[in-house]
Amino acid sequence: MKGGNAVSGVMQAAISQQIQAELESAYLYLALSAHMELKNLKGFAHWLRLQWEEELAHALKLQDYLLQRDAPITYGALRAPVCEVDTPLEVFELVLRHEQKVTRLINELYALAVAESDYASQTMLQWFVTEQLEEEENARTVVEDLRWSGGAGPSLLLLDRELAARVPEPSQ
Ligand code: FEO
C-alpha cells in the first residue's frame, strides 16, 4: 500500500529519465575509453573507464532510491554515444560539455523536486548537485592541462601517466 512517502508520477518519470541519462553517460565514457586505448593512451583510457563505472554507480543510486520509495522504474532505449572527436583535447572538451549538460539535468530535477514539495528527493539530489561540481572540475582540470601543455609530445605522456593513477571512488 502506498504511504506518505509515495513518490509522485511526475517525479518517478523524471528520476527514471535521469537513470537513462546516467547510463547514456556511461555508454559515452565506454566509447571514449576505447578511443583512447586505440591511440595507445592507456592512462586516458583508464580514467575514462573508471568514469564509466562511476556513471553506472550514479544510475544504480537513483534506481535504489526509487525502489526504496516503492516506485517502479521506467526504462527507455539507450542512445548510441556520439563522439566525433579525435585528439585528447577534443575528447576532454566533449567530457566537459557533457558534464555541464548533466549538471543542467540534475538542477532541473532538483527544481522539480522543489515544485513537487518532494523533500526526500531534494535530500537525495543534493548528493548529485555536489557530485556535479566535482565532475565538472575534474574534466576542466584535464582540459586546462592539455591546453597549457599543447597536448602532444612528452607532456602528453606525462599527463597520460598522471591519469593512469586515478583510483576508483569509494562507494557511497
Ligand atoms: Fe553522473 Fe558524470 O555525472
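**Ala 71**

I began with Ala 71, which sits in the loop between helix 2 and helix 3. Helices here are DSSP runs of H or I with at least four residues, strands are runs of E with at least two, and both are numbered from the N terminus. The model is a predicted one: local features need pLDDT of at least 70, side-chain atom pairs count only at pLDDT 80 or more, and totals for chains, interfaces and linings use all residues. Residues are numbered from 1 along each chain as its sequence is written, and side-chain values use heavy atoms, with hydrogens and water left out.

Is Ala 71 buried or exposed? I found a relative accessible area of 6%, so Ala 71 is buried. The cut-offs are under 20% relative accessible area for buried, over 50% for exposed, and in between for partly exposed, with a 1.4 Å probe and protein chains only. I then took the C-alpha to C-alpha distance from Ala 71 to Ala 13. The two are 58 residues apart in sequence and 9.9 Å apart in space.

**Whole chain**

I counted five helices and zero strands in the protein chain. From the N terminus on, the order reads α-α-α-α-α. The C-alpha trace spans about 60 × 25 × 25 Å along its principal axes. Of the 172 residues, 41% count as buried. I also checked contacts (heavy atoms within 4.5 Å) between residues at least 6 apart in sequence. Of these, 81% join residues at least 24 apart.

**Helix 3 and its partners**

I looked up the length of helix 3 next. Helix 3 has 28 residues and reaches 41 Å from its first C-alpha to its last, close to the 40 Å expected at 1.5 Å a residue. The expected span is 1.5 Å times one less than the number of residues.

How do helix 2 and helix 3 pack? Their axes are 12 Å apart, at an angle of about 20 degrees. Axes are lines fitted to C-alpha atoms, for helices over the stretch in contact, and angles run from 0 to 180 degrees between N-to-C directions. Helix 2 and helix 3 are therefore roughly parallel. The classes are: under 35 degrees roughly parallel, over 145 roughly antiparallel, 65 to 115 roughly perpendicular, and the rest oblique. I noted the crossing of helix 2 past helix 3 as left-handed. That term applies if the near helix is turned anticlockwise from the far one by less than a right angle; clockwise gives right-handed.

Helix 2 (residues 42–68) makes this contact through Phe 44, Trp 47, Leu 48, Gln 51 and Glu 55. Helix 3 (residues 88–115) answers with Pro 88, Val 91, Phe 92, Val 95 and Glu 99. By class I get seven nonpolar, one polar and two charged residues. Ala, Val, Leu, Ile, Met, Phe, Trp, Tyr, Cys and Pro count as nonpolar, Asp, Glu, Lys and Arg as charged, and the others, Gly among them, as polar. An α-helix has 3.6 residues a turn, so residues three or four places apart point the same way.

Helix 1 (residues 9–38) also packs on helix 3, at about 170 degrees with axes 11 Å apart. That makes helix 1 roughly antiparallel to helix 3. This contact has 19 nonpolar, four polar and two charged residues.

**Glu 54**

I went back to helix 2 for Glu 54. Glu 54 counts as buried because its relative accessibility is 9%. Which residues touch Glu 54, leaving aside neighbours within four places in sequence? I listed Glu 131, Glu 135, Arg 166 and Glu 169.

**Helix 4 and helix 5**

Helix 4 (residues 119–149) and helix 5 (residues 153–164) have axes that come within 10 Å and cross at roughly 160 degrees. They are therefore roughly antiparallel. Helix 4 passes helix 5 in a right-handed crossing. From helix 4, Val 142, Asp 145, Leu 146 and Ser 149 take part. From helix 5, the contact uses Ser 155, Leu 156, Leu 159, Glu 162 and Leu 163.

**Positive phi**

Most residues other than glycine have a negative phi. I looked up two residues with positive values. Asn 40, not a glycine, has a phi of about 65 degrees. Asn 40 lies in the loop between helix 1 and helix 2 and counts as exposed at 53% relative accessibility. Ser 117 follows helix 3 and has a phi near 50 degrees. Its place is the loop between helix 3 and helix 4. At 44% relative accessibility, Ser 117 is partly exposed.
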